[in-house]
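Work through the exercises below with the model open. Try each task before you read its solution.

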Amino acid sequence: MSTSSISLPIEGMTCASCVGRVERALARVPGVAAAEVNLATGRARVLASDTAPEPAALAQAVEDAGYHVPVQRHELPVEGMTCASCVGRVERALRRVPGVLEASVNLATERATVRALGDVRRAELARAVQDAGYRVPEAPAGTPAAAPADDVGARREKRHLVLATLLTLPLVLPMLSGLAGEHAALPGWLQWLLATPVQFWLGARFYRAGWKALRAGTGNMDLLVAIGTSAGYGLSLWNLLRDTGHHGSAPLYFEASAAIITLVLLGKFLEARARRQTSEAIRALQALRPATARLRRDGRDVEVPIEQVTPGDVVVVGPGERFPVDGEVREGHTHADESLVTGESLPVPKSPGDRVTGGAINGEGVVLVETRAVGAESVLARIIRMVEDAQARKAPIQKLVDRVSAVFVPAVVVVALVTLLGWGLATGDWQQAILNAVAVLVIACPCALGLATPTAIMAGTGVAARAGILIKDAQALEVAHHVDVVAFDKTGTLTAGRPRLVEAVAADGDADVLLAIAAALQTGSAHPLAHAVLEACDPSRRARAVDVRAVPGRGVEGRVEGATYLLGNGAMLREAGIDTTALEARAATLREAGHTLSWLARAGDDAR
């Protein structure tokens, strides 16, 4: 009996009894021949029998015993995958790396997500992917926001598609003459001249990917395309060289091979475009994160890249700018538009001691913010990570698809071989047998099998993210159609996002004058409540305001027709000593109905 060893890092052990407990827990896992735990190094050495246990089972046994196995999460971009069979091959290669607990590959995002023990290195994972016939770029796994590289690939794919179409159309168009009862075709040598670059230059990607699959001992969609089109091309070339034709012309199928490659290239182009479009949600979220921040150092403001900001740094944020970091207001008063996090459509007042979220928009005031979190630890980064995880994870139906695709390509090759032999032996027409086998190979290409589900998940999570809805994982999205009732646990966020003036109540009964003065004070303001008032007031009835100034966290103050007016929240009027008793009953009713209230008063008078 041969044995192999697995090394596990373990945290939480404090004494010899802990060692014994962990050893007993590991020994109970099927496939474990022996387990030795070293308290000093904090590691367990597991000797496995012929049926080696899964690392995930060992880690779970340690967790169940009350200890912890540190786990790292790796993300790798994987290039060269073309179908569901490629996904299965990469996942199997990653799972064979010692210490890997779980591996999931998403064809639509072209990314692999791996959960592994803490001592598993990214280089080991990349080497496993490369040994399987695929490529891992040198740069660490990024997000779909790598737009420049995507754009280069998109331009290349579009250029190849256009060239393939231009070369294929002269081959295909003469076939339309058959609709009119005529037979027209280009000379055989000219057909060969047009089809050859399509087959071996523009279609070279299928040969490369198919060869890598053969070297890995398996098959994929590209292999089917390469075999099928090569058979059609080879048969046509053979007939052309032999010149054993029918009615003086050799039966050639160059147009079929070229058309198949062109159509598959079209499918590849559309798939790539769909992936780029569904990644726009993450790009939009990343665009909310400023690239630089202004730090207050020794009384001077210094602009630095956001990567150089550390917790404890004081950041200066001006009106209309986005907060570059998560932090706490140290100085200044303002409003912050935090709708990206809370869904709240109205700006939230911020004063010293209040927390702010990176990516939110600062309102009218200049504030100093002490950094609490930046980079991967910020709220915005965690939101982006959640959207990425939802797009990368597999729905339950996708796992079924992966199991089917693992045997799909070999099964198609077998069916094509049976078609070739059966048709040839039964009829003796081996030329037609080859054409029928080619049809089986090409039609059965599992493009949609691997891409339909992950692309749909990306599209769904992307559209939801743009609408402010964050989906936790693919399983939640898949079962969402069973939902009959949705319960919301927050108030004030289920709105259209645009405040609307529903009522103007004047103490003296003259609501028109009240509205005209309020509109005058808010002319030119960017505040959502100001927009609502301006939309409700006829421009011809607006008064003219002068000396208007914003009072951070309170409202605005200005002069209209020689009198000073205050417009803002209840705190502004209370601080000015203005009595609101006459309207309090009506205000309480409006508040209970969920309305947001603004107060207008002339300085020295009661509220209007």
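Two residues are in contact when heavy atoms lie within 4.5 Å. Keep in mind that the model is predicted.

**Exercise 1. Helix on sheet**

Solution: 
- Look at one pairing in detail. Six bridges join E1 to strand E3 (residues 43–48) in the antiparallel sense. Leu 8 faces Ala 44 of E3.
- As background, strands of a sheet pair through backbone hydrogen bonds.

**Exercise 2. Aromatic pairs**

Task: Classify the pairs that Phe 200 makes with Tyr 207 and with Tyr 233.

Solution: 
- Count first. Ring centres must lie within 6.5 Å to pair. That gives three aromatic pairs.
- Take Phe 200 and Tyr 207. Their ring centres are 5.8 Å apart and their planes meet at 25°. Planes under 30 degrees apart count as stacked, so this pair is stacked.
- Take Phe 200 and Tyr 233. The centres are 5.1 Å apart, with 90° between the planes, so the pair is edge-to-face, as planes over 60 degrees apart are.
- Phe 200 is in helix H6 (residues 188–202) and Tyr 233 is in helix H8 (residues 221–242), so the pair ties together parts 33 residues apart in sequence.
- Phe 200 is partly exposed at 43% relative accessible area. Tyr 207 is partly exposed at 27%. Tyr 233 is buried at 7%.
- Collect the members. Phe 200, Tyr 207, Tyr 233 and Phe 254 make one aromatic cluster.
- Finish with a charge. The charged end of Arg 205 sits over the ring of Phe 206, 5.8 Å from the ring centre.

**Exercise 3. Cysteines**

Task: How many disulfides are there?

Solution: 
- A disulfide is a covalent bond between the sulfur atoms of two cysteines.
- Set the cut-off. The two sulfur atoms must lie within 2.5 Å. The count is zero disulfides.
- The nearest cysteine sulfur to that of Cys 15 belongs to Cys 18, 3.7 Å away, and Cys 15 is in no disulfide.
- Compare surroundings. Cys 15 is partly exposed at 30% relative accessible area, whereas Cys 537 is buried at 5%.

**Exercise 4. A loop residue**

Task: Is Val 78 buried or exposed, and what does Val 78 touch?

Solution: 
- Locate Val 78. The residue sits in the loop between strand E4 (71–77) and helix H3 (84–95).
- Read the accessibility. At 1%, Val 78 is buried.
- List the contacts. Leaving out residues up to four places away in sequence, Val 78 touches Val 90, Glu 110, Ala 112, Val 129, Tyr 134 and Arg 135.
- Follow one contact. Val 78 and Arg 135 are 57 residues apart along the chain, yet their C-alpha atoms are separated by 5.8 Å.
- Buried residues are 44% of the 608 residues. Of contacts between residues at least 6 apart in sequence, 65% join residues at least 24 apart.

Technical notes:
Residues are numbered from 1 along each chain as its sequence is written. This is a predicted model: local features need pLDDT of at least 70, side-chain atom pairs count only at pLDDT 80 or more; totals for chains, interfaces and linings use all residues. Side-chain values use heavy atoms; hydrogens and water are left out. Rings of Phe, Tyr and Trp (its six-membered ring) pair if their centres lie within 6.5 Å; planes under 30 degrees apart count as stacked, over 60 as edge-to-face and the rest as tilted. Buried means under 20% relative accessible area, exposed over 50%, partly exposed in between (1.4 Å probe, protein chains only). Helices (H or I, at least four residues) and strands (E, at least two) are DSSP runs, numbered from the N terminus. A charge sits over a ring if NZ of Lys or CZ of Arg is within 6 Å of the ring centre and within 35 degrees of the ring normal. Two strands pair if DSSP finds at least two bridges between them.
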